[in-house]
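Please take a moment with the sequence and the model shown below before reading on. The paragraphs after them are meant to be read with both in view.

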Amino acid sequence: MLGDAGEHYALSQLTFAGKPASKMPDGWAGYDLAVETGQGLVRVSVKTRKETANWKAGSWFIFDERLECDWLVFIFLPINGAPRSWVVPVSLARELGNKPRATRKDPHNRDMSFAKLNKEPLCRYENNWSLLHEL
């Protein structure tokens, strides 16, 4: 249910920012939302995490580098306070995400740490619901 809530949250925020969006059917491969930018449709994948007692030990968002999408939305729901979101071009996420080790079971899965999202340059993409590539 957390993933569905994240998708609906992103859908509403994008639409409020003047980027009408539509949720794809559950289980749709590659992306979760289709968004009209005014210059054509873009594909958005949403990754949602919730703060828990074990969050510090695994404060990562995992994404598949093979995703055929244009944007990644990382949503973090803290125990107290409002959700935080980073709307990042997938090319930048691939460039800055942690590279998988050779021994990884799923070598196509990449990690984006919560710490990296809060540092330059990714911190500039927090609440980037207007889908600006260069910030």
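What follows goes from the whole chain to its sheet, and then to single residues and their contacts.

This is a predicted model, in which local features need pLDDT of at least 70 and side-chain atom pairs count only at pLDDT 80 or more, while totals for chains, interfaces and linings use all residues. Residues are numbered from 1 along each chain as its sequence is written, and side-chain values use heavy atoms, with hydrogens and water left out.

The chain has three helices and seven strands, where helices (H or I, at least four residues) and strands (E, at least two) are DSSP runs, numbered from the N terminus. Read from the N terminus, these elements follow one another as α-β-β-β-β-β-β-α-β-α. The radius of gyration is 14 Å, close to the 14 Å that the globule rule gives for 135 residues, so the chain is as compact as a globular protein of that length; the radius is taken over C-alpha atoms, and the globule rule is 2.2 Å times the number of residues to the power 0.38. Along its principal axes, the C-alpha trace spans about 40 × 35 × 30 Å. Buried residues make up 39% of the 135 residues, where buried means under 20% relative accessible area, exposed means over 50%, and partly exposed lies in between (1.4 Å probe, protein chains only). Of the contacts with a separation of 6 or more, 53% are between residues 24 or more positions apart, a contact being heavy atoms within 4.5 Å.

How are the strands arranged in the open sheet? Five strands take part, in the order β1-β2-β3-β5-β6, and their pairing is mixed; two strands count as paired if DSSP finds at least two bridges between them. The strands β1 (21-23) and β6 (84-89) stand at the edges and have a single partner strand each, so one side of each is left without a neighbour in the sheet. From one strand to the next, the twist averages 25 degrees, based on axes that are lines fitted to C-alpha atoms, for helices over the stretch in contact, with angles that run from 0 to 180 degrees between N-to-C directions.

Strands of a sheet pair through backbone hydrogen bonds, either parallel or antiparallel. Strand β2 (residues 33-36) pairs with β3 in the antiparallel sense over four bridges, and Ala34 has Arg43 in β3 as its bridge partner. These two strands, β2 and β3, form a hairpin with four residues between them, and Gly38 in the turn has a positive phi of about 95 degrees. Strand β3 (residues 41-50) is also joined to strand β5 (residues 71-77), here by seven bridges, and these two run parallel. Along this pairing, Ser45 has Leu72 in β5 as its bridge partner, and Thr48 stands opposite Ile75 in β5.

Trp60 lies in strand β4 (residues 60-64) and is partly exposed, at 33% relative accessibility. Leaving aside residues up to four places away in sequence, Trp60 touches Arg49, Trp55, Asn98, Asp111, Met112 and Ser113. By contrast, the C-alpha atoms of Trp60 and His8, which are 52 residues apart along the chain, are separated by 21 Å.

Side chains of opposite charge can pair when their charged atoms come close. The model has seven salt bridges, each a side-chain nitrogen of Lys or Arg within 4 Å of a carboxyl oxygen of Asp or Glu. In one of them, Lys23 pairs with Asp26, the closest N and O atoms being 2.8 Å apart; Lys23 is partly exposed at 24%, whereas Asp26 is exposed at 61%. Glu7, Lys23 and Asp26 are linked in a network of salt bridges. Another joins Glu65 to Arg110, with the closest N and O atoms 3.1 Å apart. This pair links distant parts of the chain, with Glu65 in the loop between β4 and β5 and Arg110 in strand β7 (residues 109-113), 45 residues apart. Glu65 is partly exposed at 31%, whereas Arg110 is buried at 3%.

Turning to the cysteines, the count of disulfides is zero, a disulfide being a pair of cysteine sulfur atoms within 2.5 Å. Cys69 is buried, with a relative accessible area of 5%, whereas Cys123 is partly exposed at 26%.
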